[in-house]
Amino acid sequence: MLIRPAVPRDLRSSDITPESQYWTRREWLAAAGLTVGAIAGASALLARPAGAQQALGKPYGLQPDDKPTSWDDVTTYNNFYEFGTGKEDPAEQARGFKTRPWTVRVEGMVKKPGAYALEDFLKPSKVEDRIYRHRCVEAWSMVVPWRGIMLGDVLKRAEPAPGAKFVEFTTLYDPARMPGQRYPILRWPYTEGLRLDEAMHPLTLLVTGVYGRELPNQNGAPLRLIVPWKYGFKGIKSIVRIRLTDTQPATAWNVSAPDEYGFYSNVNPTVDHPRWSQAKERRIGEFLRRPTLMFNGYAEDVAAMYAGMDLRRNY
Ligand SMILES: Nc1nc2c(c(=O)[nH]1)N[C@H]1C(S)=C(S)[C@@H](COP(=O)(O)O)O[C@H]1N2
Ligand SMILES: [Mo]
């Protein structure tokens, strides 16, 4: 399958740059105003948007006025309830979380199940830097330069069995290391699910880094999911298990509040959350709210997967 990135014209040159001309990691960290020792905030990035964006990776689905959200915002404002329910809690409470050694299991309806040390799990796949839009169900949004591998690659290697239709993901369960799990905020461990075609879609990433650096603990280290056309909560963090099944998996948010969070969770500005509108979003770091786009701006790439489905019922 081919992705047709909906990128503004002036960024398209990055798509036709031969691999050999790609910048080295050091070069593009420098261009983005980031150094390995010290990470600068938004200002350095915004000063050179075009160069910096290309240097941060390939843009996918970006609108002409989308700029990467600053490192500081991406890493200090988010949700990771295993480390507290406040937006700034994860950055604080996940600080000492040990992510090595880490085992990832691929199991269920696959011909080649296995348990892998993280390094071995990642090794066969091509690592890519991609800039995606990111939309939380709470109506805030960001633009994030992720680094990761295609989930589809991993699944193909495991060889899905004929009847497999869904993929279930599970976060580590270890209340001693994840203090939030001592409280019944959600059903622990956190789980999420995708239909197999969504999981195989080339936009779907297993993420290991951000801004070209290793993923900070608060962002879901060492391995988390990113599905850019769905609300942020589909992006399950600190994954230890990927299981293929023939039945739709339960998801942590759907179990906790079924009328607020459905299985599909596609970004859809015409379906309000029961307690607030989804028509607009607050882009972190900006003042004015923006209109929310269908499938978060990825309709061209993903709408066909939902042809004939009632996206109000399947929210
Ligand atoms: N295990 C786990 N994964 C999780 C969450 C969580 O609480 N626990 N929160 C989700 C939500 S609601 C969002 S918006 C994203 C936010 O994190 P990010 O900005 O680093 O993507 O992570 C998602 N993944
Ligand atoms: Mo979210």
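Predicted model: local features only at pLDDT ≥ 70, side-chain atom pairs only at ≥ 80, totals over all residues.
Reader: Which residues are closest to ligand 1, and how many surround it?

Author: The shell holds 17 residues, and the closest are Tyr81, His134, Arg224, Gly235 and Lys237. By class, seven of the shell residues are nonpolar, seven are polar and three are charged.

Reader: What makes the pair formed by Arg224 and ligand 1 a polar contact?

Author: A polar side-chain atom of Arg224 lies 2.8 Å from an oxygen atom of the ligand. The cut-off for a pair of N or O atoms is 3.5 Å, so this pair counts as a polar contact.

Reader: Which backbone atoms lie at such distances from a nitrogen atom of ligand 1?

Author: A polar backbone atom of Gly235 is 2.7 Å from a nitrogen atom of ligand 1. For Asn79, a backbone N or O atom lies 3.3 Å from a nitrogen atom of the ligand. Both distances are within 3.5 Å, and therefore both pairs are polar contacts. As for cover, ligand 1 taken alone exposes 530 Å², of which the protein buries 98%.

Reader: Where does ligand 1 sit, and why is it said to sit there?

Author: Ligand 1 sits in the second largest pocket.

Reader: What volume does the second largest pocket have, and which residues lie nearest its centre?

Author: Its volume is about 430 Å³. The lining comprises 28 residues, with Asn79, Cys136, Tyr190, Gly232 and Phe233 nearest the centre. Strand β5, residues 140-150, gives the most to this lining, with four residues. The lining divides into 16 nonpolar, seven polar and five charged residues.

Reader: How many cavities of 30 Å³ or more does a search of the whole structure find?

Author: The search finds one cavity of 30 Å³ or more. About 50 Å³ of space lies in the largest cavity.

Reader: How do you know that the peptide bond from Arg100 to Pro101 is cis?

Author: Its omega is near -5°, and the bond is cis. Pro101 is found in the loop between α6 (89-93) and β2 (103-108). A cis peptide bond also joins Trp188 and Pro189, with omega about -10°. Pro189 is found in the loop between β6 (166-171) and β7 (191-195).

Reader: Why is the phi of Ala139 worth a remark?

Author: Most residues other than glycine have a negative phi. Ala139 is not a glycine, yet its phi is positive, at about 70°. Ala139 is found in the loop between β4 and β5.

Notes
Residues numbered from 1 in each chain as written. Chains lettered and ligands numbered in written order. Heavy atoms only, no water. Near = heavy atom within 4 Å. Polar contact = N/O pair within 3.5 Å; in protein donor to acceptor, adjacent residues only side chain to side chain. Areas by Shrake-Rupley, 256 points an atom, 1.4 Å probe, with all protein chains shown as cover. 1 Å grid on protein atoms, 1.4 Å probe; cavity = no way out; pocket = protein on both sides within 12 Å on 5 of 7 lines; lining within 4 Å. Sits in = over half its atoms within 2 Å of the grid points. Nonpolar A, V, L, I, M, F, W, Y, C, P; charged D, E, K, R; others polar. Points joined across faces, edges and corners; volume = space filled by probe spheres on them. Helix = DSSP H or I, 4+ residues; strand = E, 2+ residues; numbered from the N terminus.
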